[in-house]
Amino acid sequence: MNPVVAGITYRALLGRRRIVLLLLLPLGLLGLAVLLRLTGNADQRYATLLMENFALGTMLPLLGLIVGTGVIAPEIDDGTVIHLMSKPISRPVIAQTKFLVAASLLVVFAALPTYLAVWLLVRNEDGMAAGFAAGSLVAGVAYAAVFLLLGVVTRHAVTIGVVYALVWESLVGNFVPGARKFSIQQWGRTVADQISTSVYLKAEIALGFAAPALVIATVVAVVWAGLRLRAFSLTGDE
Amino acid sequence: MKIVLSQASRWYGNVVAVNDVTMTIGPGVTGLLGPNGAGKSTLLHMMAGFLAPSGGTVTLDGTPVWKNHHIYRNIGLVPEREGVYGFLTGWQFVLSAAKLQGLPDPVEAARKALATVEMEEPKDRRVETYSKGMRQRVKVAAALVHDPAVLLLDEPFNGMDPRQRMHLMDLIRTMGAGGRTILFSSHILEEVERVAQHIEVLVAGRHAASGDFRDIRRLMTDRPHLFRIRSSDDRRLAARLMLDSSAGGVTLRPDGLEVQAVEFRRFARLLPQVARTEGIRLHEVSPADEDLESVFSYLINRSA
């Protein structure tokens, strides 16, 4: 972890109007929670629906994509990353720092609002708020790592990320049960289910698979991103 | 410190960008001269550890530079692309470089570097409000902040106005005189001549020539020159010129003569003499290949 790298990365992501983009989805989530509360639908069933479909199913992967690729891909595109990489700092440390920045932003902009939204609906009944927040947290960390790697290895990180999040996790995952096994979102649900005792929350993937999968995906992605940065090449226009 | 390239090559698929280059860059100012697309940036990126040589080696005082972040304690790099965070102020940018270098007194180092490039006054403005020349100077300040022994600059004068260019040239000369190893690339001979004590010429990925600016000038003036001449009697002039050894060949065209002069100086004296003694009036004498591209193509053919 390098504080200077982290500082510049935070400023790049939160500076100017960028922060609005990050606030939009969590505000939407809280807005929906308030709406459900006002219409008298603040029960565990609706809380689960809102969390699974919006918080974990839409907001988290999208924020993960914005933040995970955002910590590095724009810098690689415009060449500013050279400023960090032409310094006596090991490239894996740069990758790790970028990952920590992305993960911390997902805690603030995804896991925390998730906790608040559930709390608005059902408080922490049957550990639901804690469960969904924890699921969102671990899945957010994994998304941060995977999308960071994507931002390092390809210039089309956002496109590929959208295809993964929307097509693979949502569409294919809905129709092909086997695909759900390899979905960060589903691993997050497993963790949420583990903590919450609510009957509405039913995860499909066993914790014995989901927990190691989360750890492996995160660690492998961060290490790999570091190795790719070590061999970062400037090809230029010649 | 010395950067040594030994049979360094770089290719992308079938395209060879840098072909078997062996050179040593030592203390003082070296200019890397070549036309656009000659592979200058590729070569510079290999020296800066931002590109692996496909063949051969690139070392800094004996240590390979590729995948070795420790070299950046001794190397300062000024890339050609903007590469400056627009949302930081000039001060923040240079200070971040000092901190990333892990200097004991980053504030003092940043202050000194900004003073060196005379950017103290606008240092608290955001980089995005700077002119191209100011950005370039801030980049140089960031590259200099740790007082590196080696400074690599990729096309540093591009887009600068004449005054900024003069200033940066002075700065580079001063630093070179101070014993630093400085290499900068450029496609403009005059720029290189004015700053560099030593010139390496790269053409089509190959190391075409090497020497001080006098050597390079000589190479460029002693090459065969092609002249277009129109006169009152082209045929008689052609016949007379061919009698002298300085003319390698004469082509008689409907619109005048094309003379290949193998000895430039001798030919330059011969032509007016012949015209006077033969009573031929010269309407036009123009060099047909004075542009830098043809100079470079001569060099590359010569080295082939």
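**Exercise 1.** In what order do the 4 strands of the open sheet in chain B lie, and is the pairing parallel or antiparallel?

*Solution.* The model is predicted.
Step 1: the strand order is E12-E13-E11-E14, and the pairing is antiparallel.
Step 2: strands E12 (247-253) and E14 (282-287) of chain B form the edges, since each pairs on one side only.
Step 3: from one strand to the next, the twist averages 20°.

**Exercise 2.** Determine how many bridges join E11 and E13 of chain B, and identify what packs on the sheet.

*Solution.* Step 1: strand E11 (residues 225-231) and strand E13 (residues 256-261) of chain B run antiparallel and are joined by 5 bridges.
Step 2: one residue pair is Leu226(B), whose bridge partner in E13(B) is Gln260(B).
Step 3: helix H8 (residues 234-242) of chain B packs on the sheet and touches E11, E12 and E13 of chain B. The direction of H8 makes about 165° with that of E12(B).

**Exercise 3.** Characterise the packing of helices H7 (residues 128-153) and H11 (residues 207-230) of chain A.

*Solution.* Step 1: the two helix axes come within 8 Å and cross at roughly 25°.
Step 2: angles under 35 degrees count as roughly parallel; therefore H7(A) is roughly parallel to H11(A).
Step 3: the crossing of H7(A) past H11(A) is left-handed.
Step 4: residues of H7(A), including Val138(A), Ala145(A) and Leu149(A), meet residues of H11(A), among them Leu214(A), Trp224(A) and Arg228(A).
Step 5: sorted by class, the contact of H7(A) with H11(A) comprises 16 nonpolar, 1 polar and 1 charged residues.

Conventions. Residues numbered from 1 in each chain as written. Chains lettered and ligands numbered in written order. Predicted model: local features only at pLDDT ≥ 70, side-chain atom pairs only at ≥ 80, totals over all residues. Axes fitted to C-alpha atoms, helices over the stretch in contact; angles between N-to-C directions. Parallel < 35°, antiparallel > 145°, perpendicular 65-115°, else oblique. Left-handed = near helix turned anticlockwise from the far one by under 90°. Contact = placed C-beta atoms within 7 Å. Nonpolar A, V, L, I, M, F, W, Y, C, P; charged D, E, K, R; others polar. Pairing = 2+ DSSP bridges.
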